[in-house]
Amino acid sequence: MEAAEAVLRDYRGLAGRHAQRLFARMAHKEKVAVLAKHLGLSTADRRIERAAGCRKSMIGTAYRKVFLDMTE
């Protein structure tokens, strides 16, 4: 069981470092899109559009880009 726990710790560390690098490269509107989705907020909400600096269609595109970038 100790070996499995060590592997899990290693994977968590790798995932955390990958997330930090990905977040650092994200554009502002991408960060807003991810946060809005995480909080369950609609990207059509005017407050989200103002925070992102673009309309809901661009926010949706930004959100999808984040996941495409994760696979690279």
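**Salt bridges and burial in a predicted model**

Modeller: In this predicted model, Arg55 forms a salt bridge with Glu49, and their closest N and O atoms are 3.3 Å apart.

Colleague: What makes Arg55 and Glu49 a salt bridge?

Modeller: The cut-off is 4 Å between a side-chain nitrogen of Lys or Arg and a carboxyl oxygen of Asp or Glu. The closest N and O atoms of Arg55 and Glu49 are 3.3 Å apart, so the pair is within 4 Å and counts.

Colleague: Is Glu49 buried or exposed, and how do you know?

Modeller: Buried means under 20% relative accessible area. Glu49 has 7%, so Glu49 is buried.

Colleague: Why is the contact of Lys65 and Glu30 called a salt bridge?

Modeller: Their N to O distance is 3.4 Å. The limit is 4 Å, so the name applies.

Colleague: What does the pair of Lys65 and Glu30 tie together?

Modeller: Lys65 lies in helix H4, residues 56–70, and Glu30 in helix H2, residues 28–39. The pair therefore ties together parts that are 35 residues apart in sequence.

Colleague: What makes Arg47 and Asp45 a salt bridge?

Modeller: Their side chains meet at 2.7 Å, N to O. That is within 4 Å, so the pair qualifies.

Colleague: How many salt bridges does the count give?

Modeller: Five. The protein chain has 15 positive and 8 negative side chains. The centres of the two sets lie 10 Å apart.

Colleague: Which elements make up the protein chain?

Modeller: Four helices and zero strands. From the N terminus on, the order is α-α-α-α.

Colleague: How does the radius of gyration of the protein chain stand against that of a compact globule?

Modeller: A compact globule of 72 residues would have a value near 11 Å. The protein chain has 16 Å. The C-alpha trace spans about 50 × 25 × 15 Å along its principal axes.

Colleague: What share of the residues counts as buried?

Modeller: Of the 72 residues, 22%.

Note on methods. Residues are numbered from 1 along each chain as its sequence is written. This is a predicted model: local features need pLDDT of at least 70, side-chain atom pairs count only at pLDDT 80 or more; totals for chains, interfaces and linings use all residues. Side-chain values use heavy atoms; hydrogens and water are left out. Helices (H or I, at least four residues) and strands (E, at least two) are DSSP runs, numbered from the N terminus. The radius of gyration is taken over C-alpha atoms; the globule rule is 2.2 Å times the number of residues to the power 0.38. Buried means under 20% relative accessible area, exposed over 50%, partly exposed in between (1.4 Å probe, protein chains only). Lys and Arg count as positive and Asp and Glu as negative; His and the chain ends are not counted. The place of a charge is taken as NZ of Lys, CZ of Arg, CG of Asp or CD of Glu.
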